[in-house]
There are 2 protein chains.
Amino acid sequence: MPRRSSEDSSKRNGSARMRDVAVRAGVSTMTVSRVLNEPGKVSEEMRERVLKAVREIGYLPNHLAGSLSSNRSTTIGLIVPSIDNSIYTQTVKGLSEVLKRSGFQLMIAESGYDPNEEEELITVFLSHRVGGLVLHSTEHTPQAIEKIRKSGIPVVENGNIPKEPLDMVVSYSNRDASYAMTMHLGRLGYRKIAFASLYSVHNDRSQDRLKGYLAALKQLGHEPDPRMVLETGRGLAAGAEVVARVMQSVPEVDALFCAGEVLAAGALFECQRRNWSVPGRIALASFDDVDLLRHVSPSITTLRLPRYDIGERTARILLSRIIDGADHLRGSVVDLKFEVIQREST
Amino acid sequence: MPRRSSEDSSKRNGSARMRDVAVRAGVSTMTVSRVLNEPGKVSEEMRERVLKAVREIGYLPNHLAGSLSSNRSTTIGLIVPSIDNSIYTQTVKGLSEVLKRSGFQLMIAESGYDPNEEEELITVFLSHRVGGLVLHSTEHTPQAIEKIRKSGIPVVENGNIPKEPLDMVVSYSNRDASYAMTMHLGRLGYRKIAFASLYSVHNDRSQDRLKGYLAALKQLGHEPDPRMVLETGRGLAAGAEVVARVMQSVPEVDALFCAGEVLAAGALFECQRRNWSVPGRIALASFDDVDLLRHVSPSITTLRLPRYDIGERTARILLSRIIDGADHLRGSVVDLKFEVIQREST
DNA sequence: CCTGATTTTGATATCGGTAACAACAGAATT
DNA sequence: AATTCTGTTGTTACCGATATCAAAATCAGG
């Protein structure tokens, strides 16, 4: 038995169907579909007749039905470690703006820095049949990798440049950026450069930043000192704690490179509280250029990373793959440029 | 001619269909569907047989098809003015965490503070057949309101408590919060209290904050002074500009209430640069309690708003409507509490 | 052991669209 | 004038699931 008489063309659910538009315009549903999706293939007259009916009825196409039937999707899944990290928001904005222009939507979820949670979310997104995936993390469970491969949809990794990309990558090199800043400090004449980052377990960005720091020390001919490599949690308080810790354990430290803008700001505020002159007593450098670092005094030397661009390029490359079927882009790695911004704190 | 032989049960697209699982388990698709959605209605034996087949095939349900057929959706649409506003991220997090637990997904888009853009996005979300909508703005075009009404889906407004709610509201009162802080300053003995906010055109939050300020001044018996009511743009620089402007035009000002945490921080940094003692020369108060305000020195007096709670409650109330069909919640207004946090800056 | 109530399972139509091909008309070619 | 081409519109069979109702199997009670 039918669930509803198929002749019933009146509104029931609030929304009208394409069928209703077709009847009103005196054409077939295919013509309506064409007017809405490939207007060029329909005669002027039909187009107007159909659009008039669409307007009069207040017809809203059903994307679910369209995607199901055409096996195409205008939804992109994005997984970030944490939504409230100010750093990602610029990237999300870049993504969102470009996607919106092409009529694509963003589904966002947070993995809480946990690969298993990420896998779960990937599964959900795949079952929503997203047209593409954007992952901030570059660390995935084997099952997650398997599922993505099997699905065949294009993926962009964003947070770092992994040794073994899943598919496409749009990022900057955390290692190179960290190296560049450390070298910058070395060239400015600092002899005892400490390094602070977030805990590096399950965080390849932190790991790479540490590698860059160590490589630069070697290049500079400085001896690495375990007491000057610190790891800590998130938040301004962590930055405060870190600077206090290193000043305590290595009084002769003359510079602190914080691989994270929140840590750097926290460190600066602590220095202000303790009356440690910056950069007189200790120089401070940061990662990522946020408004805050430019406006505190002293303003903080930092790295300008292409956060917004990453989102923008990610969207573009994904759309090329989805819309134009640009298969030659499979496996592309886009390594975006960064910049050292010298300010008062060094 | 068929698009694909309907007998072909092998994998083609990467993903298997429910049909394939059914064949493998030797049951009908309805039984598979039941095992996945209403396990209680299926016998122990069937359940195991089907789940085994699901595992072996690596079957992933197709949500598009499921939603289309059942006319239910597990997607919630969220429209924020701007994704990179640190204030919303807490709310988004609260929303996201609760929704995820119930297997719902979030579709996010930004309206850029423009009601027409918001209307456009609402249309897109409706055509994606979202199960509910969350709007940060409380200002909508008549067409947007009409479309939402017609669709019949539940909606929550989040950014303020509007006079004429669309449906449900979960927020705090910007007017009351602003009133409370102004009264607090008055009780502390400040006589010349200035007020700074973002431009209030198309921003009813700013408008309400101004109303609260003016109401408090009246209550305190202070004469309102147009020179002490400032509007400006976003960013730390705007905060700096605002404090400089008011000190210039009204030298006897003794407190500045910034209705926005970025403005307040910008104002503080400018005071530090100019060596205006805070609160000695001028007191500063802020709106919204972010980590930064607690860690600068002097730490800044501010309002603690229930950002995360708003997201959480919004998700809950929406889920009640969608899952439990709790129609009695239609039109609910949840007015969450805020708090004045007294710190060193006043 | 049979009958009616209850629980499981399946057949079928449908959700609202689109792909693929057929049908037809007027334009272009020979 | 017959034939081929091109451009428009319609017909039909699906996309991959679920609602509904019917059929089959199991259970209870007499």
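B:Leu256 touches B:Ala194, B:Phe195, B:Ala196, B:Val242, B:Val243, B:Ala267, B:Ile282, B:Ala283, B:Leu284 and B:Ala285, with residues up to four places away in sequence not counted; contact means heavy atoms within 4.5 Å. This is a predicted model, in which local features need pLDDT of at least 70, side-chain atom pairs count only at pLDDT 80 or more, and totals for chains, interfaces and linings use all residues. Residues are numbered from 1 along each chain as its sequence is written, chains are lettered from A and ligands numbered from 1 in the order in which they are written, and side-chain values use heavy atoms, with hydrogens and water left out.

### Nonpolar cores

The largest nonpolar core holds 146 residues, and A:Leu256 and B:Leu256 have the most contacts inside it. Apart from it lies another core, of 32 residues, which includes A:Ile79, A:Ile122, A:Ile148 and B:Leu126. A nonpolar core is a set of buried Ala, Val, Leu, Ile, Met, Phe, Trp, Tyr and Cys residues joined through side-chain atoms within 4.5 Å. Buried means under 20% relative accessible area, exposed over 50%, and partly exposed in between (1.4 Å probe, protein chains only). In soluble globular proteins, nonpolar side chains tend to be buried together.

### The sheet of chain B

In chain B, 4 strands form an open sheet in the order S7-S6-S8-S9, with parallel pairing. Strand S7 (229–232) and strand S9 (283–285) of chain B stand at the edges with a single partner strand each, so one side of each has no neighbour in the sheet. On average, neighbouring strands of this sheet are turned by 20 degrees against each other, direction ignored. Helices (H or I, at least four residues) and strands (E, at least two) are DSSP runs, numbered from the N terminus. Two strands pair if DSSP finds at least two bridges between them.

Strand S6 (residues 193–198) of chain B is joined to strand S8 (residues 255–258) of chain B by 4 bridges, and the two run parallel. B:Ala196 has B:Cys258 as its bridge partner in S8(B). Two helices of chain B pack on this sheet. Helix H9 (residues 204–220) of chain B touches S6 and S7 of chain B, and its direction makes about 170 degrees with that of S6(B). Helix H11 (residues 261–274) of chain B touches S6, S7, S8 and S9 of chain B, and its direction makes about 160 degrees with that of S9(B). Axes are lines fitted to C-alpha atoms, for helices over the stretch in contact, and angles run from 0 to 180 degrees between N-to-C directions.

S6(B) also pairs with S7(B) in the parallel sense, over 4 bridges. Because 6 of the 6 residues of S6(B) are buried, it is largely enclosed by the rest of the structure. In the loop between helix H8 (174–187) and S6 of chain B lies B:Gly189, which counts as partly exposed because its relative accessibility is 42%. The C-alpha atoms of B:Gly189 and B:Leu303 are 18 Å apart, while 114 residues separate the two along the chain.

### The sheet of chain A

Chain A has an open sheet of 4 strands in the order S7-S6-S8-S9, with parallel pairing. Its edges are S7 and strand S9 (283–285) of chain A, each with a single partner strand, so one side of each is left without a neighbour in the sheet. Strand S6 (residues 193–198) of chain A is mostly covered, with 6 of its 6 residues buried. S6(A) is joined by 4 bridges to strand S8 (residues 255–258) of chain A, and over 4 bridges to strand S7 (residues 229–232) of chain A.

| Residue | Bridge partner | Strand of partner |
|---|---|---|
| A:Ala194 | A:Leu256 | S8(A) |
| A:Ala196 | A:Leu230 | S7(A) |
| A:Ser197 | A:Glu231 | S7(A) |
| B:Ser197 | B:Glu231 | S7(B) |

### Relation of the two chains

The same surface serves both copies, as 100% of the contact residues of chain B recur in chain A.

### Annotated span

An unreviewed UniProt entry carries the annotation "domain: HTH lacI-type" for residues 16–70 of chain A. UniProt positions are given in the numbering used here, feature names are shortened, and annotations may be inferred rather than shown by experiment. In the model, the end C-alpha atoms of residues 16–70 of chain A lie 20 Å apart, and the span is 71% helix and 0% strand.
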